[in-house]
Amino acid sequence: RKPIEHGDTSNNGKVWTFNQNQALQVQKLLERQENRKSLVLTAYVETPPIAPRNNENDVESEYPPVRRLPLRTHTPSDLQRYTYPALQTCNDLPRNFPTTHPNSLNAETYVNVNNKNPIFPVRYDYAKYCPVDADPFLPWIHDVFPNAEGTFIEFIAHNKRRCNGGRQFKEDKDNLQAQASLMQPVPVKRVDNDLVEVLAPELWQDEGKNTNTNQNVTRYKLATSYEEADDDAQLTRFICRFHTQTIQSNGADDEILQSTIIAETLSVYPYNYEYVNYRKKGRSPSMLTIKGGPHDNQAFWNAALHFRCPVPPQLQTLIKSGHSVVEDVPSLYVDVVPIRTDPRFGTANAFFKKGMLDPKEKVDGKFDANKAWGEGNIMPLVEASGRWANIPICRPHPQTNEASDVDPGSTSG
């Protein structure tokens, strides 16, 4: 029988053709080299992360002022790497995604119910089971799957700062402020490498040593307004890199595996969390507070985080068909790279698009992106960024009703 094939263009401009027989060959080579048929789910942790805000000694204001976001100039070797080999096949999702420690440790250090032990002091050790406390900009992902049309990869995450809310967990709550940042959209603009060298020459460059970054990768900068941002990047938070494994010959009759970047997209939200929080909370619309206790904990609607990675057009038919999953093993993967900024506190830092609010509404909305990150805040290359890597792309769930998909722009203003 003729193998199922799909022709696609990878990020380096070459045509990548999916073929199920070739996918099986990749699995065999992986098994021979790594003793498993799929790539290992990996978390790359940035250390130290952007420091949390602490406003306890500021008696003048409940919310800290905007501070300048520094360039992230670290290198790939500065990242801490944690692997989660229990996730091997699509049947392992979501049960083996690293959301917490195994039950066998409940009687020792960690307890899921009535916990009295902060995780912050042991966050790097705990990252063996879940990396979010070690790098709070990583979304606390609980499930991931394609939608029925193959147009989005859906991520279901949770705001980990809402766990362990007692006073003994102050360090945990301060550390996890970035979990609220992930629910606040930012505008992004794509730029070329020439501009990167002008605006941020101190950023790490791979100098041609890394095969991934030789593939004409896209560079990004934080935009200072929604108008400056690209049309598909006005309300985003994550870079989504789609990639696969291909077999190459090294010229000595040996076959080697090479990571092939297919495309990158920028995440979207099903609705604007920051805007909905403002509508629901009324006079106190901040998504988190510092002074006077965890007042944001009452906002239960900020507990769950749903975001989407748009699937590149050339992969949509393949993902919709489910053919990229061969013998329950994925052939396609997505990396999720957070775009890191401070959380926005209070109405003074509201960052709404023009037209989202009635002009009569007395909302300060004077967030100064120039002050917060400026014209030249270029994001580091993916290889030098904290991220989730090798998240498997599995088959869409079987459809049991006729419910229509949500328009990701329907409430974004």
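These legends describe close-up views of one predicted chain.

The model is predicted, so local features need pLDDT of at least 70 and side-chain atom pairs count only at pLDDT 80 or more, while totals for chains, interfaces and linings use all residues. Residues are numbered from 1 along each chain as its sequence is written, and side-chain values use heavy atoms, with hydrogens and water left out.

View 1. Helices (H or I, at least four residues) and strands (E, at least two) are DSSP runs, numbered from the N terminus. The chain has 413 residues, and 53% of them are buried. Buried means under 20% relative accessible area, exposed over 50%, and partly exposed in between (1.4 Å probe, protein chains only). Contact means heavy atoms within 4.5 Å. Of the contacts between residues at least 6 apart in sequence, 78% join residues at least 24 apart. The accessible surface is about 19,300 Å². Carbon and sulfur atoms account for 48% of that surface. Accessible areas come from the Shrake-Rupley method with a 1.4 Å probe; for residues, only the protein chains shown count as cover.

**View 2. Six strands form an open antiparallel sheet.** Their order is E4-E3-E15-E14-E9-E10. Strand E4 (80-84) and strand E10 (255-266) are the edges, each pairing on one side only. The twist averages 20° from one strand to the next. Two strands pair if DSSP finds at least two bridges between them. Strand E14 (residues 332-338) and strand E15 (residues 387-392) are joined by three bridges in the antiparallel sense. Val-334 has Ile-391 in E15 as its bridge partner. Helix H1 (residues 20-34) lies across E9 and E10, at about 115° to E10. Axes are lines fitted to C-alpha atoms, for helices over the stretch in contact, and angles run from 0 to 180 degrees between N-to-C directions.

**View 3. Gln-245 sits in strand E9 (residues 238-249).** Gln-245 is buried, because its relative accessible area is 13%. Leaving aside neighbours within four places in sequence, Gln-245 is in contact with Val-26, Leu-39, Leu-257, Gln-258, Ser-259 and Ser-331.

View 4. Strand E6 (residues 152-158) pairs with E11 over seven antiparallel bridges. Phe-155 has Phe-307 in E11 as its bridge partner.

**View 5. Pro-185 lies in the loop between helix H4 (178-181) and strand E7 (188-191).** Pro-185 is buried, because its relative accessible area is 0%. Not counting residues up to four places away in sequence, Pro-185 touches Tyr-226, Leu-235, Thr-236, Arg-237, Tyr-269, Asn-272, Glu-274 and Arg-344. Ala-233 is 48 residues from Pro-185 along the chain, and their C-alpha atoms are separated by 9.4 Å.

**View 6. Leu-195, Val-198 and Leu-199 make a nonpolar surface patch of about 240 Å².** Patches are made of residues with over 30% relative accessible area and no salt bridge; like charges are joined within 9 Å, nonpolar side chains (Val, Leu, Ile, Met, Phe, Trp, Tyr) within 5 Å. A salt bridge is a side-chain nitrogen of Lys or Arg within 4 Å of a carboxyl oxygen of Asp or Glu. Val-198 belongs to helix H5 (residues 193-199). Val-198 counts as exposed, because its relative accessibility is 63%.
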